[in-house]
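Here is a briefing on one protein model. Look over the sequence and the structure first, then read the points below.

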Amino acid sequence: ILRGTVKAGGGKRYGSGWSSTKTATGKYRITFTTPFNSPPSVTASQVQLGGDDDNIVLINHSENSKCTVYIRDNNGSNAGDFEDDEFMFIAVGPVTQ
């Protein structure tokens, strides 16, 4: 099991056993230091840092060694646009050490 928090700019806020990078606006890659034996189950949720964020956080793709996360605006004239935001994640799967 891995868990962590990724800053809106793509850097790590909390957690270990992984690294992260922002690949484009609202698009992030999390790379697992030790790959899972098969693609893990990954869940993510936005961190509410104030204001009235209404973003949707999606796990776009999961592989043994990485996953991609997309964040999109959910309301107003920018609905559907990719948007940077802080998020938390949990990845669960088998690992042989």
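**Contacts of valine 69**

Valine 69 touches Gly26, Lys27, Tyr28, Ile30, Val57, Leu58, Ile59 and Phe87, leaving out residues up to four places away in sequence. Contact means heavy atoms within 4.5 Å. This is a predicted model, in which local features need pLDDT of at least 70, side-chain atom pairs count only at pLDDT 80 or more, and totals for chains, interfaces and linings use all residues. Residues are numbered from 1 along each chain as its sequence is written, and side-chain values use heavy atoms, with hydrogens and water left out.

**Overall make-up**

- The protein has 0 helices and 8 strands. Helices (H or I, at least four residues) and strands (E, at least two) are DSSP runs, numbered from the N terminus.
- Along the sequence the pattern reads β-β-β-β-β-β-β-β.
- The radius of gyration is 13 Å, which agrees with the value near 13 Å for a compact globule of 97 residues. That radius is taken over C-alpha atoms, and the globule rule is 2.2 Å times the number of residues to the power 0.38.
- Along the principal axes, the C-alpha atoms fill a box of roughly 50 × 20 × 20 Å.
- Of the contacts with a separation of 6 or more, 54% join residues 24 or more positions apart.

**Burial and surface**

- Buried residues make up 29% of the 97 residues. Buried means under 20% relative accessible area, exposed over 50%, and partly exposed in between (1.4 Å probe, protein chains only).
- The protein exposes about 5400 Å², and carbon and sulfur atoms supply 46% of this area. The areas come from the Shrake-Rupley method with a 1.4 Å probe; for residues, only the protein chains shown count as cover.

**Nonpolar core**

- The largest nonpolar core has 15 residues; Val6, Ile30, Phe32, Val69, Phe87 and Ala91 touch the most other members.
- Strands E1 (2-6), E4 (27-32), E7 (66-72) and E8 (87-92) each give two or more residues to this core.
- Such a core is a set of buried Ala, Val, Leu, Ile, Met, Phe, Trp, Tyr and Cys residues joined through side-chain atoms within 4.5 Å.

**Strand E1 and its partners**

- E1 is largely enclosed by the rest of the structure, because 4 of its 5 residues are buried.
- E1 pairs with E8 in the antiparallel sense over 5 bridges. Two strands pair if DSSP finds at least two bridges between them.
- Glycine 4 stands opposite phenylalanine 89 in E8.
- E1 also runs antiparallel to strand E2 (residues 12-15), joined by 3 bridges. Here valine 6 stands opposite lysine 12 in E2.
- The hairpin of E1 and E2 has 5 residues between the strands, and glycine 10 takes a positive phi near 105 degrees there.

**The four-strand sheet**

- An open sheet of 4 strands has the order E3-E4-E7-E6, with antiparallel pairing.
- Strand E3 (18-24) and strand E6 (56-62) are the edge strands, each pairing on one side only.
- E4 and E7 pair over 5 bridges in the antiparallel sense. Arginine 29 has threonine 68 in E7 as its bridge partner.

**Tyrosine 70**

- Tyrosine 70 lies in strand E7.
- Its C-alpha atom is separated by 6.5 Å from that of tyrosine 28, 42 residues apart along the chain.
- Tyrosine 70 is in contact with Gly26, Lys27, Ile56, Val57, Leu58, Asn60 and Phe82, leaving aside its neighbours within four places in sequence.
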